Amino acid sequence: MSESAFLFKKPKESPGLLLWQVTTLWQRTNKKTLEPYNITHPQFTIMAILLWFEENYKDATQATLADFSKLDKMTISQSLKFLSSKNYIKRREHPLDTRAKLVNLTVEGKRLITQLVSLIEAIDYEFLCTINQDDQSQFIEILHKIIEEKDPINR
């Protein structure tokens with residue numbers, strides 16, 4: 001009998017597969033929730049980051065959005081074009097960097113994302129409510145460690 005190519009005896013022991021399954025279920029739920037609003041999850045994420053930045057008096061550029069969201073530059077660019085066409089965001093020249101544009105929510109964009117944040121946070125709550133508060137905190141800490149280790153921006 002030949003040796004298995006897999007490190008794990010059973011699929012349910014593979015952290016990569018488990019992460020994939022949880023992420024897929026979570027994304028599917030988010031997609032279904034956002035569909036009636038004609039917004040994709042990456043578009044939602046961009047708008048939510050913009051809202052957070054605006055609430056915390058920070059400027060956002062396309063590069064800032066890519067760094068913060070971990071979305072690729074093409075997805076950011078296409079999403080911003082769509083969000084701009086729907087009048088959810090506006091772009092303006094950066095006062096210090098002529099290569100960059102500042103991105104802000106419009107009044108309509110802020111109204112929409114404020115509504116959607118509560119829906120998506122309810123999904124997050126529903127996904128995590130099966131584990132106790134201490135385990136949730138530990139889970140979030142583990143996720144931070146993975147991002148810090150694997151994100152090229154942090155190296």
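Biologist: Is Trp52 buried, exposed or in between?
Modeller: Trp52 is partly exposed, at 39% relative accessible area. Buried means under 20% relative accessible area, exposed over 50%, and partly exposed in between, with a 1.4 Å probe and protein chains only.

Biologist: What am I looking at here?
Modeller: This is a predicted model, where local features need pLDDT of at least 70, side-chain atom pairs count only at pLDDT 80 or more, and totals for chains, interfaces and linings use all residues. Residues are numbered from 1 along each chain as its sequence is written, and side-chain values use heavy atoms, with hydrogens and water left out.

Biologist: How many aromatic pairs are there?
Modeller: Three. Rings of Phe, Tyr and Trp (its six-membered ring) pair if their centres lie within 6.5 Å; planes under 30 degrees apart are stacked, over 60 edge-to-face, and the rest tilted. Trp52 and Phe53 make an edge-to-face pair, 5.7 Å centre to centre with 65° between the planes.

Biologist: And which kind of pair do Trp52 and Phe68 form?
Modeller: That pair is stacked, with 5.9 Å between centres and 25° between planes. Trp52 lies in helix H2 and Phe68 in helix H3, so the pair ties together parts 16 residues apart in sequence. Helices (H or I, at least four residues) and strands (E, at least two) are DSSP runs, numbered from the N terminus.

Biologist: Are Phe53 and Phe68 buried or partly exposed?
Modeller: Phe53 counts as buried at 6% relative accessibility. Phe68 is partly exposed, at 47%. Ring pairs link Trp52, Phe53 and Phe68 into a cluster.

Biologist: What covers the buried residues of H2?
Modeller: The cover includes helix H1 (15–34), H3, H4, strand S1 (89–93), S2 and H5. Among the buried residues of H2 are His41, Phe44, Met47 and Leu50.

Biologist: How many residues has the largest nonpolar core?
Modeller: The largest nonpolar core has 26 residues. Such a core is a set of buried Ala, Val, Leu, Ile, Met, Phe, Trp, Tyr and Cys residues joined through side-chain atoms within 4.5 Å. H2 gives the largest share of this core, eight residues.

Biologist: What does Phe44 touch?
Modeller: Leaving out residues up to four places away in sequence, Phe44 touches Leu34, Ile39, Ile113, Leu116, Val117 and Ile120. Contact means heavy atoms within 4.5 Å.
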